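Colleague: Please walk me through some ring contacts, a helix and a surface patch.

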Amino acid sequence: MNTLTTATHSNWINKVPEITLIFWIIKIAATTLGETGGDAVSMSMSLGYLVGTVIFATVFVAAVIAQIKAKAFQPFLYWTTIIATTTVGTTLADFADRSLGIGYAGGSTLLLALLFGSLFIWHRSLGSVSVNTINSPKAEMFYWTTIMFSQTLGTALGDWTADTAGLGYTGAAMVFAVLLALVVVVYYWTNVSRTLLFWAAFILTRPLGAVVGDFLDKPISAGGLALSRYSASAGLLAFIVISILLFKHRAAEKAH
């Protein structure tokens, strides 16, 4: 690595948040909002999955560009970008699974391959996929691409578990909640790679949010609560905003 690149990396400010309990709480709320918000645009507004994907993909690209250009960690900008990944993930997964006829199993398999491929290329290119090494525009691009794949995978995986596997929304939510609890146990009682556990938890929170979102807005006859997608989305957004305002958010420490 030349001197200029080293200087650039050493001066680069980490613009992703420190991983704390409130981070995971907001992440689950954001993934749930992604489901209700994505469905509100594609289904309640009758725009369809393709148009919904185009809309949210545009928001996602704009948010990522703003995030990369930012001079410091900005909580509202960061979580706006996360929400953009969850909404585009919802409509994109639904478009692939339903409109293209790939199905939940096919969609989940394809997206899992894309996710692992993104992590593999990221690691080969920069040597680490830890959030503590997001120290360049290239690392940020890998970070947000990987997150987008994980959010899309989570939608397909959540639908597959709740519908195809026949567990229903509450049953699927319990499955993913238990898996997340196991990740927590492994975190506190083993020396398994913290980076591996972070990505495992990050991926698992998405299908959890997806099935919780479906539980909130799907008809009672289908096992949901039949809440308005608009009101559910507004309530979740308000919760996220309040959480950002009430709790202190710091950037993750840079790896040395």
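Modeller: We take the conventions first, then the features in turn.

Modeller: This is a predicted model: local features need pLDDT of at least 70, side-chain atom pairs count only at pLDDT 80 or more, and totals for chains, interfaces and linings use all residues. Residues are numbered from 1 along each chain as its sequence is written, and side-chain values use heavy atoms, without hydrogens and water.

Colleague: How many aromatic pairs are there?

Modeller: Rings of Phe, Tyr and Trp (its six-membered ring) pair if their centres lie within 6.5 Å; planes under 30 degrees apart are stacked, over 60 edge-to-face, the rest tilted. The structure holds 17 such pairs. One of them joins W24 and F198, tilted, at 5.7 Å centre to centre and 50° between the planes. W24 lies in helix 2 (residues 21-44) and F198 in helix 8 (residues 194-217), so this pair ties together parts 174 residues apart in sequence. Helices here are DSSP runs (H or I, at least four residues), numbered from the N terminus.

Colleague: Is F198 buried or exposed?

Modeller: Buried means under 20% relative accessible area, exposed over 50%, and partly exposed in between (1.4 Å probe, protein chains only). F198 has 9%, so it counts as buried. One aromatic cluster includes W24, F198 and F202.

Colleague: Which charged end sits over the ring of F202?

Modeller: The test is NZ of Lys or CZ of Arg within 6 Å of the ring centre and within 35 degrees of the ring normal. K27 places its charged end over F202, 4.2 Å from the ring centre. R194 lies over the face of Y187, at 4.4 Å.

Colleague: What span does helix 2 reach?

Modeller: The expected span is 1.5 Å times one less than the number of residues. Helix 2 has 24 residues and reaches 33 Å from first C-alpha to last, close to the expected 34 Å. Of its 24 residues, 19 are buried, so helix 2 is largely enclosed by the rest of the structure. Just after it, S46 takes a positive phi of about 60°.

Colleague: Which residues make the nonpolar surface patch?

Modeller: Nonpolar side chains (Val, Leu, Ile, Met, Phe, Trp, Tyr) are joined within 5 Å. Here M45, L47, V51, I55, V59 and Y230 make a patch of about 500 Å². Helix 3 (residues 48-69) gives the largest share, three residues. I55 lies in helix 3 and is partly exposed at 36%. Y230 is in helix 9 (residues 229-246) and is partly exposed at 45%.

Definitions and conventions
Helix = DSSP H or I, 4+ residues; strand = E, 2+ residues; numbered from the N terminus. Patch = residues over 30% accessible without salt bridge, like charges linked within 9 Å, V, L, I, M, F, W, Y side chains within 5 Å. Areas by Shrake-Rupley, 256 points an atom, 1.4 Å probe, with all protein chains shown as cover. Salt bridge = Lys/Arg side-chain N within 4 Å of Asp/Glu carboxyl O.
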